[in-house]
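Work through the following exercises with the sequence and the model side by side.

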Amino acid sequence: MTAAEKKQLAITACKVRMGIVTATHGAKAGHPGGSLSAADLFTYLYFKELNVDPANPKAPDRDRFVLSKGHTAPGLYSALALRGFFPVEDLPTLRHIDSYLQGHPNMNTVPGVDMSTGSLGQGISVAAGMAKAAKLQNKDFRVYTLLGDGEIQEGQVWEACMLAAHYKLDNFCAIVDNNGLQIDGNVADVMSPYPIVDKLEAFGFKVCAIDGHDFDQIEAAMNTARETKGQPTAIVMKTVKGKDVSFMENNAGWHGKAPNDAEHEQAIGELKAILAELEGK
Amino acid sequence: MADVKKIATRDSYGNALAALGAEHENLVVLDADLAGATKTGVFKKAFPERHFDCGIAEANMICVAAGMSTTGLVPFASSFAMFAAGRAFEQVRNSIGYPHLNVKIGATHGGISVGEDGASHQCCEDFALMRTIPGMVVMSPSDDIEAKACVKAAYEHVGPVYMRFGRAACPVFHGEDFQFEIGKGEMISDGTDVAIIATGIMVAEAIEAAKVLAESGISARVINICTIKPLDEEIVLQAARDCGKIITCEEHSVIGGLGEAVCSLLSEKLPTPVKRIGVNDEFGHSGPAAALLKQFGLSADHIVEVAKEFVGK
């Protein structure tokens, strides 16, 4: 991609992060840490990779994205809003009573959400079902799903991996957000999922291990996924939980906690500084 | 009923799928290594390209079916009731029920009549589990004719459906002209002293019991409830008004099934004495289906006994 394109993605990702901070602040709850770690991926998907149309969110031949780690809805919502699926101004209503922005993704209330998720381990199976259905109907849409590195402790994830490889779902791409932290601490200490790459390879996936904050690497992995035939692709991306908000970075405490007013102000200030630098102001 | 034709409703399920599959290209079937037992193998033989074995991974299968349904396919996901409703309960709840997806769950081997496999496979909790999911239609057909009609109605219904079929052959008492509608109960025979409201294989037992009761001068109304949810409230209320006494019969725990659904309705709208015949909060065990049903009181004889004492004749 061109330098200008990369810069534009970085600018958008920064805005996605602002949306995450604003939404969780407005909700006084939610999951900023894992939303921020996946913000670059959300940005790449919705602004570069996915064939989707905000004016026609249910288009039958669109690409699908299933947020298997459903608790990072603030990240998905922020990207969807910026992409034009619904007003950015609605983000602070996250989790409010009667808001359509439910705490976890709801496909029936939020435009652009392809599956209701939240219970870990299920989204990847649903995504595999969509991919299998595409094959059966000779449709060429692709299906992407994002998992947490803690989430892959769920046994069902591996049932889904077995199925995706067995049915040679090369239109299916599973992405693991390896930010290294879950609620109770380091994933390696709580219940180690490592080695993630080796496991996925053993399950029959083409695996790309990348830096999840590097758009060149994300692009290369997505291209590999599209070009790989006869097997599904997994992208294991090393990320920083809480990325770009200094006091949230690499801190498990920010898995499921909202910023208060002062923290919100500081976080937005930090992101504004990043944005200003990117925009060369 | 010795001379009556007997067919297991799991066979009806497989045959109905194959028949519907010929009419509807978007009908797909998923199974979890039990195609021979659930009888989805009948569909597989006819439409191998639309039958997907998901291996011994029921939780995954339920969610894969959910994903397929979002693209316009109508998946029938099949396993034993114990695993479809039990093991995969939370997947059914969150990935099918909550998004209200158009997935049909065909659960075979419901109840104690599973027989020799014993308690681990005798699911007497599925009605209770599935009833609690908002928007879920729960059906338990009584014979071959009704089971086939039920599968067709499930295909035509838009939204999640749970269907329970049995392993053991049971009498076919409906005629080929039987008209089925989701949510509609069926009065099989009229009566005024007591109403026997039954579901699944217990309907044939209730019919038999009513004949025996008639010989003792007891007029028993027999009602077949295939759709446990949404319950046909009017047919139950009318039975309460006309008979004043209700007996419910199901091959399920007395907790959470048809009996409780009837009691809940009546206690709020028309308090009426009810006796519940079902599995009394205990696990089953191995044995021939017929012997087990008798041992657990799921028989015409036991219905007669309960009815006589209840009516006081």
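**Exercise 1. Find what Arg64(A) and Arg50(B) lie over, and give the distances.**

Solution. Begin with Arg64(A), which lies over the face of Phe141(A), at 4.0 Å from the ring centre. Then turn to chain B, where the charged end of Arg50(B) sits over the ring of Phe47(B), 4.4 Å from its centre. The criterion is that NZ of Lys or CZ of Arg is within 6 Å of the ring centre and within 35 degrees of the ring normal.

Before going on, note that this is a predicted model, in which local features need pLDDT of at least 70 and side-chain atom pairs count only at pLDDT 80 or more, while totals for chains, interfaces and linings use all residues. Residues are numbered from 1 along each chain as its sequence is written, chains are lettered from A and ligands numbered from 1 in the order in which they are written, and side-chain values use heavy atoms, with hydrogens and water left out.

**Exercise 2. Classify the ring pair Tyr167(A) and Phe52(B), and locate both partners.**

Solution. Recall that a pair of aromatic rings is described by the distance of the centres and the angle of the planes. Rings of Phe, Tyr and Trp (its six-membered ring) pair if their centres lie within 6.5 Å, and planes under 30 degrees apart count as stacked, over 60 as edge-to-face and the rest as tilted. Over all chains, the structure holds 13 aromatic pairs. For Tyr167(A) and Phe52(B) the centres are 6.1 Å apart and the planes stand at 85 degrees, so the pair is edge-to-face. The pair crosses between chains, from Tyr167(A), in the loop between α6 (155-166) and β3 (172-178) of chain A, to Phe52(B) in strand β3 of chain B. Both Tyr167(A) and Phe52(B) are buried, where buried means under 20% relative accessible area, exposed over 50% and partly exposed in between (1.4 Å probe, protein chains only).

A further edge-to-face pair is formed by Phe247(A) and Trp254(A), with 5.4 Å centre to centre and 70 degrees between the planes. Trp254(A) is buried, with a relative accessible area of 5%.

**Exercise 3. Describe the largest nonpolar core and the surroundings of Leu200(A).**

Solution. A nonpolar core is a set of buried Ala, Val, Leu, Ile, Met, Phe, Trp, Tyr and Cys residues joined through side-chain atoms within 4.5 Å. The largest has 136 residues, and those with the most contacts inside it are Tyr46(A), Phe65(A), Phe172(A) and Leu200(A). Helix α1 (residues 3-27) of chain A gives the largest share of this core, 10 residues; helices (H or I, at least four residues) and strands (E, at least two) are DSSP runs, numbered from the N terminus. Beyond its neighbours within four places in sequence, Leu200(A) is in contact (heavy atoms within 4.5 Å) with residues that include Trp158(A), Val176(A), Phe205(A) and Val236(A). Tyr46(A) and Phe65(A) also belong to one aromatic cluster with Phe42(A) and Phe85(A).

**Exercise 4. Give the strand order and the pairing of the open sheet in each chain.**

Solution. In chain A, 5 strands form an open sheet in the order β1-β2-β3-β7-β6, and the pairing is parallel. Its edge strands, each pairing on one side only, are β1 (64-67) and β6 (206-211). Strands pair if DSSP finds at least two bridges between them, and β2 (residues 143-148) of chain A pairs with β3(A) over 6 bridges, with Leu146(A) opposite Ile175(A).

In chain B, 7 strands form an open sheet in the order β3-β2-β4-β5-β7-β6-β12, and the pairing is mixed. Its edge strands are β3 (51-53) and β12 (227-229). Strands β2 (residues 27-31) and β4 (residues 74-80) of chain B run parallel and are joined by 5 bridges, and Leu30(B) stands opposite Ala77(B).
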